[in-house]
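Here is a short briefing to read alongside the model. Take a look at the sequence and the fold, and then we can walk through the details together.

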Amino acid sequence: MYSRIAGTGHYVPERILTNAELEKIVDTTDEWIRSRSGIEQRHIAADDQTTASLAIEAAKRAIEAAGITPGDIDFLVVGTTTPDLVFPNVGTIVQEALGIHGCAAFSVEAACSGFIYALSIADKFVTSGESKNALVIGAETLSRITDWTDRSTCVLFGDGAGAVVLQPSTEQGIISTHLHADGQYKDLLYAPAGVSKRPQGDLNKEFAIHMQGNEVFKLAVKTLGAVVKETLEANSLDHEALDWLVPHQANKRIIEATAKRLGMPMEKVILTVAKYGNTSAASVPMALDVAVRDGRIKRGDLLLAEAFGGGFTWGSALIRF
Ligand code: ACO
């Protein structure tokens, strides 16, 4: 028994923030942002939008693509670093908005790896027979924890949501998932204020993402290289068997380095970072849905999805679409 992706969806808020606009906010240039990260623009949630509202739209699209109704969903998990509230969790807010009642609904907090973690959990529930239609979402409003005066971080992030529906299948679907974390690097990438820990000072700044970009970059390249190797070895596969790499979209140069390690040409890599920036837990399901809807990813294709983020957390999924 496998769990198989029956439908995908994504949603981004209407407002686009271009590099040219950022040039007016902080001391940066379009050329610097493009050449260092590959990012050209990002979408930013409106004041009345939250992580859950983006997640709801992505979920509706995935449910429609799966050919089911919200009432069929019997398990709901959201990967997010930017929940609407302390509680109720984003999963239950999405659940209520979709008119679903009674099934398990919760959020998973694993920064940019949140969707891969959520997918891995949902896969276990589907393959064990406990769920027939699992809704798995990655959704973020990173703009709400961005310091818009810090040029080293504010140019990188964006808002959005992506979702998939998993169903049981005798055909291959989620073939394997590989989850990892190592808290020893917590000082390289973190948001210092939370619920039970509240430093003094300017709360807007204290809530914001702090990152030693250069160090994170080096470790991300090394770690993602290792996890894609681990995934192929665990399945006795050569990289040539892969049809697509669906990477976390943090930085085009990190993605290129991972593709190079895999021996994959960039034509086989799904890239959305230019348009959407780094949307953390949302980036993998967003990239997946973009490529499914534009016809690049087809039924039967073999995909390798991977992510790396704060914690550090990282992980991968080998998927027969
Ligand atoms: N515009 C112009 N100059 C800038 C900007 C900017 N927006 N930001 C930084 N600089 C300057 C720096 O001050 C530095 O100047 P200096 O040499 O005079 O000190 C110079 O540019 C080089 O800075 P670096 O940080 O070394 O630049 P780098 O090539 O490493 O690129 C970047 C920076 C894009 C942040 C890159 O390091 C990166 O992508 N890191 C990884 C991000 C990531 O993967 N995060 C994980 C996921 S995020 C999450 O989990 C929430």
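Let's begin with T313, which sits in strand 13. Please keep in mind that this is a predicted model. The protein chain has 321 residues, and its secondary structure comes to eleven helices and 13 strands.

**T313 and its surroundings**

- T313 counts as buried, because its relative accessibility is 9% and the cut-off for buried is under 20%.
- The side chain of T313 is joined to the side chain of S113 by a polar contact of 2.9 Å.
- Beyond its neighbours within four places in sequence, T313 is in contact with A110, S113, Y117, H180, A181, A307 and F308.
- The peptide bond from G311 to F312 is cis, with omega near -15°.
- F312 itself belongs to the loop between strand 12 and strand 13.

**The chain as a whole**

- The radius of gyration of the protein chain is 18 Å, which agrees with the value near 20 Å that a compact globule of 321 residues would have.
- Along the principal axes, the C-alpha atoms of the protein chain fill a box of roughly 55 × 45 × 35 Å.
- Of the 321 residues, 54% count as buried.
- Among contacts in the protein chain with a separation of 6 or more, 76% are between residues 24 or more positions apart.

**The ligand site**

- The ligand is surrounded by 24 residues, of which T28, R36, C112, N214 and N251 are the closest.
- R36 has a polar side-chain atom 2.7 Å from an oxygen atom of the ligand.
- R151 places a polar backbone atom 2.9 Å from a nitrogen atom of the ligand.
- In the side chain of R253, an N or O atom is 3.0 Å from an oxygen atom of the ligand.
- The ligand taken alone exposes 1000 Å², and the protein buries 75% of that.
- The elements that give two or more residues to the shell around the ligand are helix 2 (30–37), helix 6 (151–154), helix 8 (213–234), helix 9 (252–262) and strand 12 (302–309).
- Which helix gives the most to the shell around the ligand? That is helix 8, with four residues.
- By class, the shell around the ligand has twelve nonpolar, eight polar and four charged residues.

- D147 is found in the loop between strand 6 (134–141) and helix 6.
- Is D147 buried or exposed? D147 is buried, because its relative accessible area is 14% and buried means under 20%.
- The side chains of D147 and T149 make a polar contact of 2.6 Å.
- Leaving aside neighbours within four places in sequence, D147 is in contact with T153, C154, K205 and A208.

**Helix 11 and the residues on either side**

- Helix 11 (residues 283–293) is largely enclosed by the rest of the structure, because nine of its eleven residues are buried.
- Those buried residues are S283, V284, P285, M286, A287, L288, D289, V290 and A291.
- Just after helix 11, G295 takes a positive phi of about 90°.
- S280 is found in the loop between helix 10 (273–276) and helix 11.
- Although S280 is not a glycine, its phi is positive, at about 50°.
- S280 counts as buried, with 2% relative accessibility.

**Other backbone details**

- S236 is a residue other than glycine with a positive phi, near 50°.
- The loop between helix 8 and strand 11 (244–247) is where S236 is placed.
- S236 is exposed, because its relative accessible area is 69% and exposed means over 50%.
- The peptide bond from F87 to P88 is cis, with omega near 0°.
- P88 lies in the loop between strand 4 (75–79) and helix 4 (90–97).

Terms used:
Residues numbered from 1 in each chain as written. Predicted model: local features only at pLDDT ≥ 70, side-chain atom pairs only at ≥ 80, totals over all residues. Heavy atoms only, no water. Near = heavy atom within 4 Å. Polar contact = N/O pair within 3.5 Å; in protein donor to acceptor, adjacent residues only side chain to side chain. Areas by Shrake-Rupley, 256 points an atom, 1.4 Å probe, with all protein chains shown as cover. Nonpolar A, V, L, I, M, F, W, Y, C, P; charged D, E, K, R; others polar. Rg over C-alpha atoms; globule rule 2.2 N^0.38 Å. Buried < 20%, exposed > 50% of the residue type's maximum accessible area, 1.4 Å probe, protein only. Contact = heavy atoms within 4.5 Å.
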